[in-house]
Amino acid sequence: MSEEHTLSATGLKVAYDQREIIQNLSVEIPAGKITVIVGANACGKSTLLRTLARLLKAKAGTVHLDGKDIQQIPTREVATKLGLLPQSPSAPEGITVADLVGRGRYPRQSWVRQWSRADDEAVAGAMLSTNVLDLADRPIDELSGGQRQRVWIAMALAQETGILLLDEPTTFLDLTHQFEVLDLLVDLNRRDGRTIVLVLHDLNQACRYADHLIAMKKGDIVVEGRPAEVITEAVVEDVFNLAVRIVPDPVAGTPMVVPIGRHTSSVDSHRPDDIRPAVATGTLPGASGVGVGGQNGVAASALAASALANGICRPQDT
Ligand SMILES: Nc1ncnc2c1ncn2[C@@H]1O[C@H](COP(=O)(O)OP(=O)(O)O)[C@@H](O)[C@H]1O
Ligand SMILES: [Mg+2]
């Protein structure tokens, strides 16, 4: 798979009925690179990915695949160039793992081209690299969330497309499998020059694995570029409304995001003064040493009322 496909969009406007999610978005996905999209819940990441994959039709603007308007390209041709693993894929009831992965090959079948050895090899290769070969005969519905996720990834890989879009592929996976999947995507990118776009929630993984990082907010791209340029304390504050410190990842040297939060499990004196949150802390009856932040009075009354209602303890002085 040496051919590189290009994917870009200009002036996209995307809406569900009358509700506009994306107003005017243009993007160029770097060919042969790994692009990671980050952003808060509901900011439009999945909507953008589905539009790029032609599952949603933009109200205005154009998606270009290999320089052509994607709406003008036959479905089968799109499916041999571009694959999408949706955020919540659904499988036909009772289908087995091997059958589902085999469906990744459907766009390559036709009345002149029956199932071939190349199809068998693609399916086996995809199952091997996602470590699901031993699940081949199991029905999908019987698998754990993590196993199922790996099967979906196998199906997307079996499609052998030059462009692979994956919407939160690490959801449901334990940490080991998260890194296995991310490393596998890097292998595919380096070995075959595949263009990979993925949505990730973990900013540290995003910084580590992205050649190109896109930060989205309210249906628009706030900033994009190399992770070190994109992931700054100011951008994280703006995009996620979260106060963080950024330090170099001790393994990769890429930005590592450390949320400040309001609580740590260690004693307060262990925290350096400069990251102590600027909120008052207080002590609740029966909850010694637990800070409740600026809403102290309200929270204390609510807790006391709740405790009283439950007959657990009698509030002392509220
Ligand atoms: N099928 C749909 N119908 C109507 N609204 C939708 C649909 N899918 C998503 N939305 C809305 O569009 C907005 C963006 O959703 P989405 O693209 O899924 O965000 P993200 O992937 O960033 O969490 C959200 O407000 C969501 O509720
Ligand atoms: Mg989403």
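Here are some exercises with worked solutions on this predicted model.

**Exercise 1. How many helices and strands does the protein chain have, and what share of its residues counts as buried?**

Let us begin with the inventory. The secondary structure of the protein chain comes to 10 helices and 12 strands. Next, burial: of the 318 residues, 31% count as buried. Finally, the contacts: among those with a separation of 6 or more, 59% are between residues 24 or more positions apart.

**Exercise 2. Work out what span helix α5 should have, and compare the result with the model.**

Step one: α5 covers residues 145-158, which is 14 residues. Step two: the expected span is 1.5 Å times one less than the number of residues, so the helix should span 20 Å.

**Exercise 3. Is α5 largely enclosed or largely open, and what covers its buried residues?**

Start with the cut-off: a residue is buried if 20 or more other C-beta atoms lie within 10 Å of its own. By this criterion, 11 of the 14 residues of α5 are buried, so the helix is largely enclosed by the rest of the structure. The buried residues of α5 include Arg 148, Trp 152 and Met 155. Now look at the cover: it includes the strands β6 (82-85) and β7 (163-167), together with the helices α3 (97-103), α4 (117-129) and α6 (175-192). Just past the end of α5, Glu 160 has a positive phi of about 50°.

**Exercise 4. Which element gives the most residues to the largest nonpolar core?**

The largest nonpolar core has 69 residues, and Val 151, Ala 154 and Leu 165 are among those with the most contacts inside it. The element that gives the most to this core is α5, with eight residues.

**Exercise 5. In what order do the four strands of the open sheet stand, and which of them are at the edges?**

First, the order is β2-β1-β4-β5, with antiparallel pairing. Second, the edges: β2 (19-29) and β5 (68-69) each have a single partner strand, so one side of each is left without a neighbour in the sheet. Third, zoom in on one pair. Strand β1 (residues 7-16) and strand β4 (residues 60-65) are joined by five bridges, and Thr 10 stands opposite Thr 62 in β4.

**Exercise 6. What do β11 and β12 form, and how many residues lie between them?**

Strand β11 (residues 244-248) pairs with strand β12 (residues 255-259) in the antiparallel sense, over five bridges. Here Pro 248 has Pro 255 as its bridge partner. The two strands form a hairpin with six residues between them, and Gly 253 in the turn has a positive phi of about 80°.

**Exercise 7. Describe the shell around ligand 1, then find how far Cys 43 is from Lys 218.**

The residues around ligand 1 include Tyr 16, Cys 43, Lys 45 and Thr 47. By class, the shell divides into four nonpolar, five polar and one charged. Helix α1 (residues 45-52) gives the largest share, three residues.

Now turn to Lys 218, in the loop between β9 (212-217) and β10 (220-225). With 14 C-beta neighbours inside 10 Å, Lys 218 counts as partly exposed. The C-alpha atoms of Lys 218 and Cys 43 are separated by 4.6 Å, although the two residues are 175 residues apart along the chain.

Key:
Residues numbered from 1 in each chain as written. Chains lettered and ligands numbered in written order. Predicted model: local features only at pLDDT ≥ 70, side-chain atom pairs only at ≥ 80, totals over all residues. Buried ≥ 20, exposed ≤ 12 C-beta atoms within 10 Å, placed from the backbone. Contact = placed C-beta atoms within 7 Å. Core = buried A, V, L, I, M, F, W, Y, C linked by C-beta atoms within 7 Å. Pairing = 2+ DSSP bridges. Near = placed C-beta within 6 Å. Nonpolar A, V, L, I, M, F, W, Y, C, P; charged D, E, K, R; others polar.
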